[in-house]
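Reader: I am new to this structure and would like to learn how to read it, one feature after another. Please begin with whichever feature you like.

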Amino acid sequence: MKRKPMRLAEQVKQAGIVGAGGAGFPTHVKMEARAEWFLANGAECEPLLQKDRELMVHFSEEIIEGLSLAGESVGAVKCRVGIKSKNRDAIESIAKATRGTSIEISEFGDFYPSGDEYEVVHQITGKLIPPAGIPLDVGAVVNNVETLYQIAQAHRGFPVTETFLTVNGAVQSPCTLKVPIGVSFREVIDLAGGATIDDYAVMDSGLMMGRLAGDLSRPVTKTTAGLIVLPASHELIERYQRPPEAQARIGKSACDQCSFCTELCPRYLLGYDVQPHAVMRSLGFSATGSDIWNKYAQLCCGCGICTLYACPESLYPREACLDGIASLRAAGQGKWEGPSQVRVHPMKEFRRVPMKLLIKKLGVSQYQVEAPFRDKVCSPESVSIPLKQHTGNPAVAVVTTGMPVEKGQLIGEIPDNQLGAHVHASIAGTVTEVSDCIRIERNGNG
Ligand code: SF4
Ligand code: SF4
């Protein structure tokens, strides 16, 4: 009997694909939806990162194949790719790959955060996602361009074993690379020629929405977008290193309620009731009082404009918002109960943050250089693959210590009916450790 072809959603699930542009939401869930629009998000906006641009230049056929498959799977009648106008090489390459299809390109200005899902949906469809909603609420599904590349790979039978990332900042040869999941940050930095300074720190996946990398033996995951090396004494690094208690203490005493943070907040300007200056008031209140102000944090996307660009006192309104969201959730008050109507602020277009100004403000202009794709072979002697690289539950190991594995073999799986993503071996070798990570050593390493 002829076997029924596997549905795309099932292929995507088996391949362990998660959103490559953020929190790692399992992609197969999105593939089960029905939607009018399918949007490819190529509006990368983290300063100094350009892996999406490089992907669009070098792998446009795969991206468009993934978009066509995904669009068809959800029944979309309109498929679009959002790209910044300044990335002419990416636009040309994608335009070539879309020839003969109905897929169109939407060009964006060079602002931060153009890649925010709410912004992408509004720019392309003209619709505003309801407060605390998702793109599907207005008939759209959004995927990062790397995710679409992975969908094309899954359709060809290849699971996620590698990821793309940019290495930039104080390194010998800034570049964009394709590396195996689980390789250490240190090895990836070495592939870019190593750091040019002795005393440095590394930002993982962006200066605005990323985090300090800390230990460089940490592994690259499916959502690692880039590594940026900066001097340890750089102001940005010092700001990220400040402990939360100190951030709150300074905020409590120094915030003069000027409200610049709110006036420049991209979500506020898009029409959502986010007011970081009001959330800052919570720092001076008891738990009960702070809940009143924390409600103004609920629709924050954590973009960092308030903390790293708007606040003249260098305070931490973004962090206050993220804390506020966490404490509301802990108190069981995470449901949005504010206004449901959204109206774009009349000053939105005049208050957008140009990337050039943001880069200057962050003090990283000297590192704003090209980081082209280099098809370098990355063959680590061992990899450490986390069982949780995604939203939802960790995968459950299906291998044990001492087992030989092939590249692409399933090593962690998500039980049926749980949210999460499968995990696969990114190199061939022997499993030497099974904990919250699965360590694989290339054969011949004892
Ligand atoms: S911009 Fe800074 S000082 Fe002004 S209200 Fe916001 S957090 Fe306070
Ligand atoms: S991080 Fe700040 S600027 Fe960004 S959405 Fe949240 S409150 Fe607004």
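Author: Let us begin with Pro 113, which is found in the loop between strand S4 (111-112) and helix H6 (117-125). Helices (H or I, at least four residues) and strands (E, at least two) are DSSP runs, numbered from the N terminus. This is a predicted model, in which local features need pLDDT of at least 70 and side-chain atom pairs count only at pLDDT 80 or more, while totals for chains, interfaces and linings use all residues. Residues are numbered from 1 along each chain as its sequence is written, and chains are lettered from A and ligands numbered from 1 in the order in which they are written.

Reader: What kind of peptide bond joins Tyr 112 and Pro 113?

Author: Most residues other than glycine have a negative phi, and most peptide bonds are trans. The bond between Tyr 112 and Pro 113, however, is cis, with omega at about 0 degrees.

Reader: How many residues does the largest nonpolar core have, and which of them have the most contacts inside it?

Author: In soluble globular proteins, nonpolar side chains tend to be buried together. A nonpolar core is a set of buried Ala, Val, Leu, Ile, Met, Phe, Trp, Tyr and Cys residues joined through C-beta atoms within 7 Å. The largest one here has 123 residues, and Phe 38, Ile 63, Leu 67, Val 167 and Val 188 have the most contacts inside it. Helix H7 (residues 145-155) gives the most to this core, with 6 residues. Leaving aside neighbours within four places in sequence, Leu 67 is in contact (C-beta atoms, placed from the backbone, within 7 Å) with Phe 38, Ala 40, Cys 79, Val 81, Ile 103 and Leu 148.

Reader: At what angle do helix H1 (residues 8-15) and H7 pack?

Author: Axes are lines fitted to C-alpha atoms, for helices over the stretch in contact, and angles run from 0 to 180 degrees between N-to-C directions. H1 and H7 pack at an angle of about 100 degrees, with their axes 9 Å apart. That makes H1 roughly perpendicular to H7, since angles under 35 degrees count as roughly parallel, over 145 as roughly antiparallel, 65 to 115 as roughly perpendicular and the rest as oblique. Leu 8, Gln 11, Val 12 and Ala 15 of H1 make the contact with Gln 150, Ile 151, Ala 154 and His 155 of H7.

Reader: Which residues of helix H5 (residues 88-98) are buried, and against what do they pack?

Author: An α-helix has 3.6 residues a turn, so residues three or four places apart point the same way. In H5 the buried residues are Ala 90, Ile 91, Ser 93, Ile 94, Ala 97 and Thr 98. These buried residues pack against strand S1 (37-42), helix H3 (51-58), helix H4 (60-74), strand S2 (78-84) and strand S3 (104-108). After H5 comes Gly 100, with a positive phi near 85 degrees.

Reader: What is the order of the 4 strands in their open sheet, and which stand at the edges?

Author: Two strands pair if DSSP finds at least two bridges between them. The order is S12-S18-S17-S14, with antiparallel pairing. Strand S12 (382-386) and strand S14 (404-405) stand at the edges, each with a single partner strand, so one side of each is left without a neighbour in the sheet. Within this sheet, strand S17 (residues 429-434) and strand S18 (residues 437-441) pair in the antiparallel sense over 4 bridges, and Glu 433 stands opposite Arg 439 in S18.

Reader: How many residues of strand S8 (residues 200-204) are buried?

Author: S8 is mostly covered, with 4 of its 5 residues buried. It is joined to strand S10 (residues 226-231) by 5 bridges in the antiparallel sense, with Leu 230 of S10 as the bridge partner of Ala 201. S8 also runs antiparallel to strand S9 (residues 211-212), over 2 bridges. The hairpin of S8 and S9 has 6 residues between the strands, and in it Ser 205 takes a positive phi near 70 degrees.

Technical notes. Buried ≥ 20, exposed ≤ 12 C-beta atoms within 10 Å, placed from the backbone. Contact = placed C-beta atoms within 7 Å.
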